[in-house]
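Here's a quick briefing to keep beside the model while you look around.

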Protein chains: 2
Amino acid sequence: MNFSSKLIQDAVEQFSRLPGIGRKSALRLTLHLLKMDKSEVRDFGEAFISLRENINYCQECHNISDADLCELCANPNRDSHTVCVVEDIRDVMAIENTHQFKGKYHVLGGVISPMDGVGPDDVTIDSLVEKVSKGNIQEIILALSTTMEGDTTNFYIFKRLKEYNVKMTVIARGISMGDELEYADELTLGRSIVNRTPYENSLA
Amino acid sequence: MNFSSKLIQDAVEQFSRLPGIGRKSALRLTLHLLKMDKSEVRDFGEAFISLRENINYCQECHNISDADLCELCANPNRDSHTVCVVEDIRDVMAIENTHQFKGKYHVLGGVISPMDGVGPDDVTIDSLVEKVSKGNIQEIILALSTTMEGDTTNFYIFKRLKEYNVKMTVIARGISMGDELEYADELTLGRSIVNRTPYENSLA
């Protein structure tokens with residue numbers, strides 16, 4: 001696209017860097033900014049700069065947090081013997097919304113993905129191993145996505161932790177609530193039969 | 001959504017202000033920024049602030065332009081007797097891409113939309129009337145969207161300009177090239193029959 005203004009071109013290019021935003025959408029967003037007040041646009045731009053410069057991570061679980069310890073890690077009522085390993089803050093929020101988990105989290109900050117240049121050292125696995133080596137943790141729940149990257153990361157964590165006396169589990173894979181069997185994919189349906197649970201459990 | 005960090009919350013709220021971006025997408029974009037370098041995020045934020053503060057409009061056609069006169073208005077080879085009225089820069093770019101129009105543009109900067117609080121004074125209609133009143137323009141081509149707002153704006157411009165000796169046309173409405181008749185809506189198909197053109201014209 002050939003723009004009549006360098007300012008527009010810059011803004012469109014910056015928006016286009018975001019995932020899922022093409023140049024047409026970027027132009028639409030750019031024109032929207034032009035209809036906003038100057039002070040609003042200043043707040044808009046500065047929110048991102050301030051986010052990136054001042055971002056802080058919890059020293060314990062590595063989730064994003066304004067304090068040194070996040071609210072969940074600082075909460076004495078949470079069970080610190082059970083640690084749920086997740087990819088990022090979105091997964092923490094999703095699991096917290098279920099109100100089914102009372103333990104603590106460990107946020108990896110990504111999954112191992114050689115294709116994207118993300119190795120084991122780029123995520124917080126060393127810190128997880130160190131935590132486990134202290135002997136206080138009884139169970140590690142692996143709650144990563146069922147992708148090749150998630151599975152690779154699970155396997156790597158499993159190998160690193162198997163020398164310690166810690167129970168390792170993965171979240172259940174199966175048919176979603178409300179889903180019809182005939183539309184489920186074979187892999188999920190097959191797994192849901194292999195990992196069937198006692199009927200009484202489904203009543204909880 | 002309850003975020004563990006005010007910085008994240010601010011960034012998500014800012015992204016959510018953009019049209020078509022909900023809070024889930026906003027969080028995804030925010031987390032993407034956290035994976036970018038600090039200097040990249042600074043450029044990202046500053047591009048929008050600079051856009052809004054330094055934006056300039058062509059004094060002639062009101063299109064966005066870094067100079068006082070945009071490239072199209074400054075071009076002596078363009079026919080200044082024919083003026084195409086459009087809503088914004090996207091329409092100028094779309095029409096320029098067709099290479100079918102050699103006249104000049106007049107960018108309204110919006111369409112009249114009482115529902116959104118946009119009246120005739122919020123768009124550049126006065127400036128268009130002033131241009132026409134000088135008597136140099138022979139034809140005004142109305143190229144607004146076929147929406148209620150576009151039609152209202154067309155009608156308002158028509159009323160304001162009818163006292164001047166200027167030909168007013170609207171771009172043709174009809175079946176898109178490659179479209180199948182059976183799927184066309186009745187209104188468009190009906191209009192395309194009423195406004196049929198000599199066969200020889202379709203060969204051009």
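For the complex, the predictor reports an ipTM of 0.82 and a pTM of 0.80.

**Ground rules**
- Residues count from 1 along each chain as its sequence is written, while chains are lettered from A and ligands numbered from 1 in the order in which they are written.
- As this is a predicted model, local features need pLDDT of at least 70 and side-chain atom pairs count only at pLDDT 80 or more, but totals for chains, interfaces and linings use all residues.

**Where the chains meet**
- Chain A puts 45 residues in contact with 45 of chain B (C-beta atoms, placed from the backbone, within 7 Å).
- On chain A's side, α1 (6-16), α2 (23-34), α3 (38-54) and α5 (89-98) each give two or more residues; helices here are DSSP runs of H or I, at least four residues, numbered from the N terminus.
- The top contributor on that side is α3(A), with 15 residues.

**A helix pair in chain B**
- Helix α1 (residues 6-16) of chain B packs against α2 (residues 23-34) of chain B at about 120°, axes 8 Å apart (lines fitted to C-alpha atoms over the stretch in contact, with angles from 0 to 180 degrees between N-to-C directions).
- Residues making the contact include Phe15(B) of α1(B) and Leu29(B) of α2(B).

Methods:
Contact = placed C-beta atoms within 7 Å.
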